[in-house]
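Look over the sequence and the structure first.

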Amino acid sequence: MPTLLVVNSSPFHETSVSRHLSEEFVQNWKQANPNGRVITRDLTSSDLKTVDAAWVGASYTPKDARTAEQKQVLEVSDTLLGELRAADEYVFGVPMHNFGVPSVLKLWIDQVASRWRDVCVFGGRAEGSVGGEEGYIPGGYRRGL
Ligand SMILES: Cc1cc2nc3c(=O)[nH]c(=O)nc-3n(C[C@H](O)[C@H](O)[C@H](O)COP(=O)(O)O)c2cc1C
């Protein structure tokens, strides 16, 4: 079953242009994928935290060696990565805020991107952990995203 992940980041709702556009995409996608599943992530109600030292420490600890506290620190990130892994396609509703993305979207990127660290380029093709299990690469990034 194809799965679409919808990520919205506007602080506005009914009047939001980006939400209107992402919703239009969803309706078209549903028509093209009548058996498809849609996962919706509204970043303005997700209470995402900034990445701090505890988060980085937990993230860089091999999965099997993490303490219960470290697992808890990564819970939100695990949920967000789970949504990414579950999806085959993605649509992002993104207004421009002060010549950048909304701060909630940057928080989302921080929660997922650095744990997507075993993405490598083989023969011009990107391969990464988002579709599989998280891998720990001693020394950090091989090819960071
Ligand atoms: C806090 C804030 C900052 C913005 N900064 C910019 C900007 O730097 N450049 C720009 O072209 N528009 C800027 N805009 C306008 C929005 O990008 C634009 O209105 C967009 O359609 C908003 O999308 P939304 O309706 O989905 O929230 C800003 C709007 C807000 C509320």
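A residue counts as buried if 20 or more other C-beta atoms lie within 10 Å of its own, as exposed if 12 or fewer do, and as partly exposed in between. The model discussed here is predicted.

**Val51.** Val51 has 16 C-beta neighbours inside 10 Å, so it counts as partly exposed. Its place is the loop between strand S2 (37-42) and helix H2 (53-60). Neighbours within four places in sequence aside, Val51 is in contact with Val56 and Asp110. Gln111 lies 60 residues from Val51 in sequence, yet the C-alpha to C-alpha distance between Val51 and Gln111 is 7.2 Å.

**Overall layout.** The chain has 145 residues, and 16% of them count as buried. Its secondary structure comes to 5 helices and 5 strands. Read from the N terminus, the order of elements is β-α-β-α-α-α-β-α-β-β. Take the contacts between residues at least 6 apart in sequence: 70% of these join residues at least 24 apart.

**Strand pairing.** S1 and S2 run parallel and are joined by 6 bridges. Between S1 and S2 the chain passes through helix H1 (residues 17-32), and this β-α-β crossover is right-handed. One of the bridges can be named: Thr3 has Arg37 in S2 as its partner.

**Nonpolar core.** Which residues make up the largest nonpolar core? There are 9 in all: Leu5, Val6, Val7, Leu43, Leu80, Ala87, Val104, Leu105 and Trp108. Strand S1 (3-8) and helix H5 (103-113) are the elements that give two or more residues to this core. Leaving aside neighbours within four places in sequence, Leu105 is in contact with Ser9, Leu43 and Val94. Leu43 is itself listed in the core.

**Ligand shell.** The residues around the ligand are Ser10, Phe12, Ser16, Val17, Ser18, Arg19, Pro95, Met96, His97, Asn98 and Phe99. The table sorts this shell by class.

| Class | Residues in the shell around the ligand |
|---|---|
| Nonpolar | 5 residues |
| Polar | 5 residues |

Among the shell residues, Val17, Ser18 and Arg19 fall in the range of helix H1 (residues 17-32). Helix H1 is also the helix through which the chain crosses from S1 to S2.

Note on methods:
Residues numbered from 1 in each chain as written. Predicted model: local features only at pLDDT ≥ 70, side-chain atom pairs only at ≥ 80, totals over all residues. Near = placed C-beta within 6 Å. Nonpolar A, V, L, I, M, F, W, Y, C, P; charged D, E, K, R; others polar. Core = buried A, V, L, I, M, F, W, Y, C linked by C-beta atoms within 7 Å. Helix = DSSP H or I, 4+ residues; strand = E, 2+ residues; numbered from the N terminus. Contact = placed C-beta atoms within 7 Å. Pairing = 2+ DSSP bridges. Right-handed = clockwise from strand over helix to strand, strands pointing away.
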